[in-house]
Amino acid sequence: MKVYLLAHTPDPEKLVAAAAKNCYSATDVDSIMDGLTPEKTDSFLQMLTDLGHASPVEHASFTFAIEGVSRSLLAQITRHRIASFSVQSQRYVREHGFEYVIPPEIEKIPAAKAAFVRAMEDDQRTYKELTAALLEGHAAALLAQGVPEKEVRRRAEKMSIEDARYVLPNACTTRIVMTTNARSLKNFFQLRCCNRAQWEIRALAEEMYRLCYAAAPSLFAHCGPSCVDGACSEGKMSCGKAAEVRAHYLALRKGN
């Protein structure tokens, strides 16, 4: 898995503080950014946290490039609807010897790993055979329709992989560009950094959090699983390791 913070709103903390200032003072737009020293900015951000006033946080956005994650993760992350996603297309991009994610619990058991790898190899072989058979059929049909020969291969290829992709597994890796605002990120981190989140999306969320905290530490100071800055929100489903999680996130923040 690779995760990069491609871009974010310039000076995101000051921008959020300016939005908060607009809500709570008579300042006009000509001077809305005036006087927002680092100390005053932090004060506004803390006030928003104390009041539970989250809408000003939405003015800051962050864009990530994500690689080496599974299609299974893609199905989970796109449930976070206040975000924009651009995903590598299996309809237009042919999977030549596709890469795949092996779950840790499968990785550590040799017999399970061997069976998993065999399944991936079978899927790759079937995908290749399907693509070849479909391509031959589509090419013949296109030639019969009078399509110029130089166009036949390109069009037949696209038509072939569009249907052959149906045999590709959830483990198949993909690439994502994701943009979302800081409020949605805070919600994402609360849910997906939790110990009860699925392992792959939890690893992604933690790396995204690390990058966000480095870029805007005051904005993301009270962030991560709910137990880090308060009580566990999972009730009877709690992992029971709140102290360990708090220590882990304290160390992560210090590491930045």
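Which side chain meets that of Lys158 in a salt bridge? In this predicted model, the partner is Glu162, and the N to O separation of the pair is 3.1 Å. Both residues belong to helix 6, which spans residues 149-164, and because they are four residues apart there, about one helical turn separates them. Lys158 is partly exposed, with a relative accessibility of 25%, and Glu162, at 21%, is likewise classed as partly exposed.

The structure as a whole holds twelve salt bridges, among them a contact between Glu107 and Lys113 in which the closest N and O atoms lie 2.6 Å apart. The relative accessible area of Glu107 is 38%, which places this residue in the partly exposed class, and Lys113 is also counted as partly exposed, at 29% relative accessibility. In general terms, side chains of opposite charge can pair when their charged atoms come close.

A further salt bridge joins the side chains of Asp229 and Arg253, with an N to O distance of 3.5 Å. Asp229 is located in helix 9 (residues 226-229) and Arg253 in helix 10 (residues 242-255), so this pair ties together parts of the chain that are 24 residues apart in sequence. The two partners fall into separate accessibility classes: Asp229 is partly exposed, with a relative accessible area of 44%, whereas Arg253, at 16% relative accessibility, is counted as buried, the limit for the buried class being under 20%.

With regard to cysteine pairing, the structure holds zero disulfides. A disulfide is a covalent bond between the sulfur atoms of two cysteines. For Cys193, the closest cysteine sulfur is that of Cys223, and the 7.4 Å between the two sulfur atoms is too far for a bond; the cut-off applied to such a pair is within 2.5 Å.

Definitions and conventions. Residues are numbered from 1 along each chain as its sequence is written. This is a predicted model: local features need pLDDT of at least 70, side-chain atom pairs count only at pLDDT 80 or more; totals for chains, interfaces and linings use all residues. Side-chain values use heavy atoms; hydrogens and water are left out. A salt bridge is a side-chain nitrogen of Lys or Arg within 4 Å of a carboxyl oxygen of Asp or Glu. Buried means under 20% relative accessible area, exposed over 50%, partly exposed in between (1.4 Å probe, protein chains only). Helices (H or I, at least four residues) and strands (E, at least two) are DSSP runs, numbered from the N terminus.
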